[in-house]
Amino acid sequence: MTLAIDVDAATVHYGTVLALDKASVQLERGSVCGLVGMNGSGKSTLFKTIMGLLKPDTGKVLVNGSSPLQARKSGAIGYVPQNEAVDWDFPISVREVVMTGRYGHMGFTRRPKKADQIAVDAALERVDLAEHAGRQIGQLSGGQKKRAFVARCIAQESNIMLLDEPFAGVDKRSEATITKLLREVADQGGSVLISTHDLHALPTLADQAILLMRKVLMQGDPQLVLQPENLAMAFGLDPMNRGGAA
Amino acid sequence: MNLIELLAEPLSYTFMVRALAVTVIAAILCAVLSCWLVLIGWSLMGDAVSHAVLPGVVLAYIVGAPFALGALVFGFLAVALIGGVRDTSRLKEDAAIGIVFTTLFSFGLVLISVTPSHLDLNHIIFGNLLGVSAADLWQVIILGAVTFLILVLKRKDFTLYAFDSTHAHALGMNPRLIGAVLLGLLAMTSVVALQAVGVILVVAMLIIPGASAYLLTNSFGKMLIIAPGLAALAGIIGVYVSYYVDASTGGMVVLSQGAIFVLVYLFSPRQGLVAHRLMLLRRRKTLEAAAK
Ligand SMILES: Nc1ncnc2c1ncn2[C@@H]1O[C@H](COP(=O)(O)OP(=O)(O)OP(=O)(O)O)[C@@H](O)[C@H]1O
Ligand SMILES: [Mg+2]
């Protein structure tokens, strides 16, 4: 079976800054993989490389066995951006944001059909935002904002979901809602790559974990990856003892 | 003279009917586009492109090509030069914009001054609403209709580009292409609006309506109705007032838009300055009452 994501020895620079150093990542279908690393370790860069926003200097990237471009065109890639990448004052409602997830299913003028409305309503229901659907996107709490973007990903029906720190500034309840959803996505055959600083919750969330520090230090079972000596490699100290907040 | 006579009298002159038609078309088109420009943060870009099309229009006149073609070429040239200067030097974008558009604009001025022609500098710089010919009107109608149609049919894509271009990319769209199309439409719109208010004031029509609408609503769909509505209203008021007080027509049109912005800025129900102050006052009163 082809891998959902296959990054093979990708090296990425920003100008002279080395952001990824021969990083290799494999993501199997039907699994959740947690991406762990310090600020600046290259997590967002890895996401952008998988999406084809950045081209690796060397190495190659396959998504569903084909190029990132083909994968995007087939609607296979859903992306939840890191918080600061969003204009929260934009005059757009929660429902409209989720509807943009359906654009790949729509025609030239992106006019929603019945199926699109149903998918959007269902996605809003699943993240528990149906009652706030009409609100402007900035008028949500931090956790609700995240759930809105997760709903967009769900509505898209992509089989690969990339989430860049969806738990930043999110309370336990929202985190649990999102975790449960991602598990369901994986159980239905979807693949999830998620960067997070919440190390304590990692074993419940993910089947696999990746330790990133420009290089992929290791990829494997979360329990194994979270061993103090392994974390020390990535963080320089044991972050579990600091309450997991990196 | 009653109100109906007041409104009807100017319409007995063909030049006034044409002036009104061009004003309303240009105002609506600019206003629709301005909704995206304001949200993407392209106000300065609107300024730059609308000035930079000048040499294109003059060259098109000299070789007998359509104005729109010349404007498009120079609109894109300006955007490419701005991007080039920004990316290959340590200058920030505002400096790059300032350098590129003033240089191109000056090039246009020089071209006009050395071209023996009927091309009247004043008309291009300040607009020539009262001298619109039938041919001018047709050009405005056709160009305006095409631009308007593309903007409206592809509005969802432009809005997604403005809101979250990374998501557009993830869906397999081409954000760079969407941005380029929007800039092309900006150049076309500049040609239309140039007829009405002239090169210098086009930028006002490209910013004020969208900015006013943004202060009035939290829905982009409503902005796309409110902005052209306000702009058309301001345009009509401007033309009539200029007729009766015998003042600069283009100037009066933009002045009306500015006046409407001031009203919105002060009295918008949610975002307005007055509503905001009142809310603070009321809140303080309730707090004081609670403290007693
Ligand atoms: N646009 C850019 N230009 C130059 N350098 C960049 C750019 N974006 C990121 N970098 C650098 O690349 C490295 C990796 O950045 P990246 O954003 O991928 O880290 P991250 O793991 O996502 O960090 P965080 O946890 O803070 O989100 C960092 O050293 C960063 O400074
Ligand atoms: Mg990041």
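**Salt bridges, a magnesium site and a nonpolar surface patch**

B:Arg86 is partly exposed, with a relative accessible area of 31% (buried denotes under 20% relative accessible area, exposed over 50%, and partly exposed the range in between, with a 1.4 Å probe and protein chains only). The model is predicted, so that local features require a pLDDT of at least 70 and side-chain atom pairs a pLDDT of 80 or more, whereas totals for chains, interfaces and linings use all residues. Residues are numbered from 1 along each chain as its sequence is written, chains are lettered from A and ligands numbered from 1 in the order in which they are written, and side-chain values use heavy atoms, with hydrogens and water left out.

Over all chains, the structure holds 16 salt bridges, a salt bridge being a side-chain nitrogen of Lys or Arg within 4 Å of a carboxyl oxygen of Asp or Glu. B:Arg86 pairs in this way with B:Glu93, at an N to O distance of 2.4 Å. B:Glu93 is partly exposed, at 30% relative accessible area. A salt bridge also joins B:Arg86 to B:Asp87, with 3.0 Å between the closest N and O atoms; B:Asp87 is exposed, at 57%.

In chain A, a salt bridge of 3.5 Å (N to O) is formed by the side chains of A:Asp198 and A:Lys172. This pair links distant parts of the chain, 26 residues apart: A:Asp198 lies in the loop between β7 (191-195) and α7 (202-205), and A:Lys172 in helix α6 (residues 172-187). Helices (H or I, at least four residues) and strands (E, at least two) are DSSP runs numbered from the N terminus. A:Asp198 is buried, with a relative accessible area of 17%, whereas A:Lys172 is exposed, at 63%.

The magnesium ion (ligand 2) has A:Ser44 (OG) and A:Gln82 (OE1) as its protein donors, at 1.9 to 2.4 Å. Donors are N, O and S atoms within 2.8 Å of the metal (3.2 Å for Na, K and Ca); water is not among the atoms, so sites may look incomplete. Because A:Ser44 belongs to helix α1 (residues 43-51) and A:Gln82 to the loop between β5 (77-80) and α3 (94-100) of chain A, the pair ties together parts 38 residues apart in sequence. A:Gln82 is buried, at 19% relative accessible area.

On the surface of chain B, a nonpolar patch with about 800 Å² of accessible area together includes B:Met1, B:Leu233 and B:Ile237. Patches consist of residues with over 30% relative accessible area and no salt bridge, like charges being joined within 9 Å and nonpolar side chains (Val, Leu, Ile, Met, Phe, Trp, Tyr) within 5 Å; accessible areas come from the Shrake-Rupley method with a 1.4 Å probe, and for residues only the protein chains shown count as cover. Helix α11 of chain B contributes the largest share of the patch, five residues. B:Ile237, in helix α11, is partly exposed, at 40%.
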